[in-house]
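Here are a few friendly notes to read alongside the model. Keep the structure open and find each place as you go.

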Amino acid sequence: MSNRRKIILKELGLLPLWHIKSENLQDSAVSTKFSSQEDQYKKCPASNISNDTRRQQILHMDWDQLKAEVAHCAACALSQARAQAVFGVGDEKADWLCIGEGPGAREDATGEPFVGPAGKLLDNMLSAVGLQRGNNVYIANIVKCRPPNNRNPAPNETRQCEPYLARQIELIKPKIILALGKVAAQNLLKSDENISTLRGKLHQYFGIPLIVTYHPAYLLRSLPDKAKAWEDLCFAKDTMRSLK
Ligand code: URA
C-alpha cells in the first residue's frame with residue numbers, strides 16, 4: 001500500500017483495523033421499488049406552466065441550458081436566500097456520481113458542492129478507494145440552493161429541484177450512484193426507510209446501481225460509523241468492478 005493511501009486511510013480512522021474485502025453481490029438485497037415520479041408534479045408556483053411541462057422541458061435540456069436554467073431558477077423559496085445555485089461539479093461523463101443533500105454556507109458562497117470540512121472528508125473517502133473529485137467522479141446535491149440554517153430541504157423544495165438532478169443523471173449516465181446520507185437516499189429511492197435499513201443493499205435508480213452511505217458531515221460527528229462508511233465504499237467499488 002502506498003504511503004499516501006496509508007495517510008488517507010489513517011485520517012479516515014480506517015487503519016490498521018480494516019481491509020478491503022469483496023462482497024458477494026448475489027447475497028445483497030436488490031431494491032427495485034420505484035414509485036411513479038410523474039404523478040408527483042402538479043403546479044409550478046414560479047410560473048404559469050404546469051410542473052409536468054416544466055419537467056419535460058428540463059428533461060430535454062443540454063448541459064448549457066440546464067446550467068443556465070438552474071442559475072436563474074426561482075421555483076421554490078430557497079432561491080430567495082441563496083447567494084448562488086450550486087449546480088454540481090466534476091466529470092460530466094463520470095462513472096461515479098456522488099449525491100449529497102444540499103449546499104451549506106461555503107458551497108453557497110463558492111458555488112461548488114462539498115467544499116467545507118465534510119467535503120474534505122468526502123475527498124478523502126474517495127481517495128481511499130482510488131477516486132478523485134473531477135476525475136471520473138461527479139458530485140451533486142438533491143437541492144441546488146442552500147436551505148436556511150442548513151435545515152433539511154422541504155418536500156416542495158426537493159420536488160421542484162428533482163428534474164434538474166434527473167436530467168444531470170441522464171446526461172452523465174453514471175455507472176453507479178453513491179447516495180450520501182438520509183436525505184439523498186430517501187429522495188432518490190422514494191423511500192422513508194432510515195439510513196441503517198437502506199445501507200448495505202444494492203438499490204437501483206432507474207436501472208443505475210445505487211449504494212447508500214452516511215453523509216460525510218454526520219461522519220465528522222460520529223467516528224465509529226466511519227467503519228461502516230468504509231464498508232459501503234468497498235461495496236460500491238466491488239459493485240463497480242462487477243459491472244465491468
Ligand atoms: N453537504 C451536502 O449535502 N452538500 C454539500 O454540497 C455540502 C454539504
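1. Let's begin inside the protein. This is a predicted model, and a search through the whole structure turns up two cavities of 30 Å³ or more. The largest cavity has a volume of about 100 Å³.

2. Which residues lie nearest the centre of the largest cavity? They are Cys-73, Cys-76, Lys-144, Cys-145 and Cys-161, out of 15 residues that line this cavity.

3. Two or more residues of the largest cavity's lining come from each of α4 (78–81) and α7. The biggest share is from α7, which gives four residues.

4. What is the make-up of the lining of the largest cavity, in nonpolar, polar and charged residues? There are nine nonpolar residues, two polar ones and four charged ones.

5. Now for the backbone. Most residues other than glycine have a negative phi. Asn-149 is not a glycine, yet its phi is positive, at about 55°. You will find Asn-149 in the loop that runs between β4 (137–141) and α7 (155–172). Asn-149 is exposed, because its relative accessible area of 73% is over the 50% cut-off.

6. Phe-206 is another non-glycine residue with a positive phi, here about 45°. Its place is the loop between β6 (202–205) and β7 (208–213). Is Phe-206 exposed, partly exposed or buried? With a relative accessibility of 47%, Phe-206 counts as partly exposed, since that class lies between 20% and 50%.

Methods. Residues are numbered from 1 along each chain as its sequence is written. This is a predicted model: local features need pLDDT of at least 70, side-chain atom pairs count only at pLDDT 80 or more; totals for chains, interfaces and linings use all residues. Side-chain values use heavy atoms; hydrogens and water are left out. Buried means under 20% relative accessible area, exposed over 50%, partly exposed in between (1.4 Å probe, protein chains only). On a 1 Å grid over the protein atoms alone, a cavity is a set of points where a 1.4 Å probe fits but cannot get out, and a pocket is an open set with protein on both sides within 12 Å along at least five of seven lines; lining residues have an atom within 4 Å of a point. Grid points are joined across faces, edges and corners, and a volume is the space filled by probe spheres set on the points. Ala, Val, Leu, Ile, Met, Phe, Trp, Tyr, Cys and Pro count as nonpolar, Asp, Glu, Lys and Arg as charged, and the others, Gly among them, as polar.
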